[in-house]
Amino acid sequence: MKNIDAKSHVRGESIYLDDIPLLQGTLFACVFDSPVAHGLLKSLDLSDAKKSDGVVRIITAQDLPGKNQIGGIVPDEPLLADGHVHFQGMPIALVVAESEEAARVAAQKIKAQIEPLEIITDPRVAFEKNELIIPPKRFQLGNTTAAFEVCAHIFQGRADVNGQEHLYIETQGAYAIPVEAGGLKIYSSTQGPTAVQRATAGVTGLPMHQIEVDVTRLGGGFGGKEDQANTWAALCAVATQLTGRPVKYSLHRLEDMRMTGKRNPYSADYKIGLDKNGKILAYEVVFYQNAGAAADLSPAILERTLFHCTNAYFIPNVAATAYSCRTNLPPNTAFRGFGGPQGMFVMESAIAHAAEKLQVDAAEIQRKNLLQPGDEFPYGQRAESEAENAWVQADLHFHFEKIRRDAQSFNRQHHYQKRGVAMMPICFGISFTNTSMNQARALVHVYTDGSVAVSTGAVEMGQGVNTKILQVAARAFSIPPEKVKVHSTNTLRIANTSPSAASATADLNGKATLMACETILDRLKKVAAEELQSQNVEDISFENGFVQHKNQQTNLDWATLVQTAHRKRVSLSEHAHYATPGVHFDWDTAKGHPFAYHVYGVAAVQVTVDCLRGIYEVDFVKTVHDFGKSMNTAVDYGQIEGGIVQGIGWMTMEEVVYDAEGRLRSNALSKYKIPDIYSVPKVLDIVPLETARENLAIFSSKAVGEPPLMYGIGAYFAIRDAVRAFNREVSPAFDAPFATEKVLMNLYAKK
Ligand code: LUZ
Ligand code: MOS
């Protein structure tokens with residue numbers, strides 16, 4: 001089944017925030033943001049801006065009716081700067097004017113006097129100064145100290161991995177509308193309608209029931225709108241409250257890049273110990289997370305880094321420590337993988353380091369240490385591992401030995417072109433690591449013409465979740481997909497939602513939808529049994545829009561049955577609640593069973609490096625991927641292709657650059673290179689893993705949003721391999737992304 005949005009997307013008919021028809025009297029907002037990364041806000045001169053054409057109101061921290069606080073996990077983030085500025089791009093004032101242009105012009109006329117304070121951009125410097133967002137988090141398995149005593153080989157090093165700009169095609173934005181009795185209706189481009197509702201309630205001082213948040217769809221989120229959509233919605237809400245008029249703010253790309261946080265950069269120290277056969281006996285790692293100026297989601301991201309610090313390997317002795325370090329950068333935030341990819345990059349760096357020193361193929365070490373079913377993760381959960389299975393199947397399909405040999409023979413024949421190869425196994429845990437977030441609700445109405453309306457907490461952001469939800473309802477009722485409509489995500493229809501995140505959206509909301517449909521179906525079966533004078537409800541089933549009795553089609557069609565049920569005063573609506581069974585975690589012991597299941601896979605990645613220019617192409621990414629049993633291969637393959645390319649971009653070309661003043665230098669698309677069609681692997685083979693194992697996913701169709709991004713890590717190590725094929729003397733630092741300039745420097749570096 002195709003993505004249900006395909007047609008309206010292609011025709012340009014899909015409605016995004018900026019396409020919503022405006023109400024008469026709508027005002028437009030623009031932020032005046034801090035030009036300094038750290039300082040004391042001494043004074044603010046609004047006089048010129050107030051006189052500017054079309055300006056209706058300028059709002060500062062003192063004007064907020066409620067609390068000046070939007071921090072989700074830790075209350076450390078003011079909506080508008082009050083006395084202090086903590087990063088360049090921090091909102092200080094909001095101009096509200098009759099047009100977008102008028103608001104922008106006026107914002108530029110605001111002058112702030114800021115007394116500079118010391119600026120920290122490096123997480124290790126922040127750590128030295130004890131600038132921590134939360135106390136450190138630790139995972140431990142076995143005893144590393146004892147294990148290192150018996151290791152034949154021990155290697156220590158450092159790995160750095162940079163951030164990533166989300167670059168959702170639709171920038172952040174919100175549109176707030178006053179409704180009667182002081183309430184608000186807010187359209188928001190958010191992954192978390194409830195997060196927007198909660199943050200808005202805080203700054204406006206309204207109870208949550210006075211605030212309706214509605215989301216039709218996003219033009220991409222990638223985690224950037226899990227928490228950071230709150231700011232714009234809260235600002236518009238306050239402006240609406242203070243002016244009594246609708247207020248819209250759709251950010252300019254430059255504002256969005258400057259003011260919003262990115263994927264957290266990490267710096268890490270690792271120590272890996274192996275026995276003489278290449279078995280990893282011990283692994284110690286310390287992560288320094290660059291959180292930026294406020295907690296945002298960084299504490300949860302830090303946890304997911306720890307959860308993924310051993311990737312798809314079993315290591316009997318692990319000690320992992322993670323520090324969330326406060327710097328003067330925009331608060332960094334969720335980004336596809338949520339800290340997991342950063343942890344996995346460090347693990348792969350440690351393995352590459354060991355392989356280089358031991359003069360073996362990294363694949364040999366990877367292969368020997370894959371998780372086996374029943375192995376214990378450092379956090380106590382036992383693996384239902386597909387890691388070995390995925391590796392064996394990938395080897396059968398793609399012939400790793402031959403890939404390696406062909407690359408070597410190519411390299412013997414070409415001096416200025418070198419091929420590099422890497423294998424990239426992945427293991428990604430599915431569920432929010434915060435157990436309480438693993439719940440969802442769905443509201444299903446069957447109308448008397450037999451058509452069905454579904455609402456859930458799932459936000460459609462291009463990932464195809466609405467298509468999957470629709471499939472769930474259509475399959476549950478055995479009716480054609482055209483009979484089902486999935487409606488916008490709305491806090492009045494579905495309350496207390498978890499954000500659409502953690503790859504878990506289709507599972508959580510799909511299961512709630514299935515439960516609601518099944519409850520309605522049970523009622524309809526009783527009605528059908530009465531109509532058909534059948535003694536046994538068990539004999540009733542549905543197929544192709546007709547009722548079946550003892551597997552024989554009857555004349556009773558779906559719409560007639562629905563009308564009959566309504567006439568008999570049987571409810572055709574249901575609101576269902578789903579909570580993932582069996583998940584729990586205890587941070588006191590740092591053990592538990594946080595994930596409903598894991599997604600596995602293995603990719604073989606090959607690149608060709610042009611050794612004169614330092615540029616490279618990805619020849620192929622070939623993967624055996626664990627879909628469970630895909631319920632929509634079009635959607636799932638699309639997610640995998642997109643994830644791989646986004647991962648390759650992060651690892652090989654996207655360079656987020658802040659200078660020492662905390663100013664974003666890569667602040668436009670002319671200075672920040674994202675993958676284009678030419679960066680896509682020439683060959684992208686995706687083969688589903690064959691498995692008989694049961695899982696907790698919706699229709700056994702495993703989550704697919706985040707896991708494939710991490711195949712992109714293979715591109716980093718493939719480039720590194722090619723560089724070393726050209727220059728045997730060099731041992732490139734583990735410092736992602738491996739962008740062209742870095743490649744060129746390493747190609748010609750001396751020992
Ligand atoms: N968001 C969150 C996430 O709040 N908790 C998570 O565990 C998570 N994982 C991935 C992406 N977003
Ligand atoms: Mo995400 S990083 O699942 O919002």
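In this predicted model, R613 and D610 form a salt bridge. Their closest N and O atoms lie 2.6 Å apart. R613 is exposed, with a relative accessible area of 52%. That value passes the cut-off, because exposed means over 50%. D610 counts as buried, at 16% relative accessibility. Here the limit is 20%, and D610 falls under it. Salt bridges that share partners also join D48, K51 and K111 into one network. In general, side chains of opposite charge can pair when their charged atoms come close. The count of salt bridges comes to 39.

D76 forms a salt bridge with R326, and the closest N and O atoms are 3.4 Å apart. D76 sits in the loop between β3 (55-59) and β4 (84-85). R326 belongs to strand β15 (residues 317-326). R326 counts as partly exposed, at 24% relative accessibility.

R493 pairs with D214 in another salt bridge, with 3.7 Å between the closest N and O atoms. R493 lies in the loop between β20 (489-490) and α15 (505-531), and D214 lies in strand β11 (residues 211-215), so the pair ties together parts that are 279 residues apart in sequence. R493 is partly exposed, with a relative accessible area of 28%. D214 counts as buried, at 7% relative accessibility.

The nonpolar cores come next. In soluble globular proteins, nonpolar side chains tend to be buried together. The largest nonpolar core holds 116 residues. Within this core, I272, Y283, F287, F345, F400, V609 and I713 touch the most other members. Leaving aside residues up to four places away in sequence, F345 touches A159, D160, V161, M651, I713, Y716, F717, F734, D735 and A736. Another core, of 61 residues, lies apart from the largest one. Its members include C30, A49, V55 and A233.

The second largest pocket contains about 770 Å³ of space. Its lining is made up of 29 residues. Of these, V360, R404, D721, R724 and R728 lie nearest the pocket centre. At least two lining residues come from each of α10 (340-358), α11 (362-368), α13 (400-413), β16 (417-430) and α18 (713-726). β16 supplies the largest share, seven residues. By type, the lining of this pocket divides into 13 nonpolar, five polar and eleven charged residues.

Conventions: Residues are numbered from 1 along each chain as its sequence is written. Chains are lettered from A and ligands numbered from 1 in the order in which they are written. This is a predicted model: local features need pLDDT of at least 70, side-chain atom pairs count only at pLDDT 80 or more; totals for chains, interfaces and linings use all residues. Side-chain values use heavy atoms; hydrogens and water are left out. A salt bridge is a side-chain nitrogen of Lys or Arg within 4 Å of a carboxyl oxygen of Asp or Glu. Helices (H or I, at least four residues) and strands (E, at least two) are DSSP runs, numbered from the N terminus. Buried means under 20% relative accessible area, exposed over 50%, partly exposed in between (1.4 Å probe, protein chains only). A nonpolar core is a set of buried Ala, Val, Leu, Ile, Met, Phe, Trp, Tyr and Cys residues joined through side-chain atoms within 4.5 Å. Contact means heavy atoms within 4.5 Å. On a 1 Å grid over the protein atoms alone, a cavity is a set of points where a 1.4 Å probe fits but cannot get out, and a pocket is an open set with protein on both sides within 12 Å along at least five of seven lines; lining residues have an atom within 4 Å of a point. Grid points are joined across faces, edges and corners, and a volume is the space filled by probe spheres set on the points. Ala, Val, Leu, Ile, Met, Phe, Trp, Tyr, Cys and Pro count as nonpolar, Asp, Glu, Lys and Arg as charged, and the others, Gly among them, as polar.
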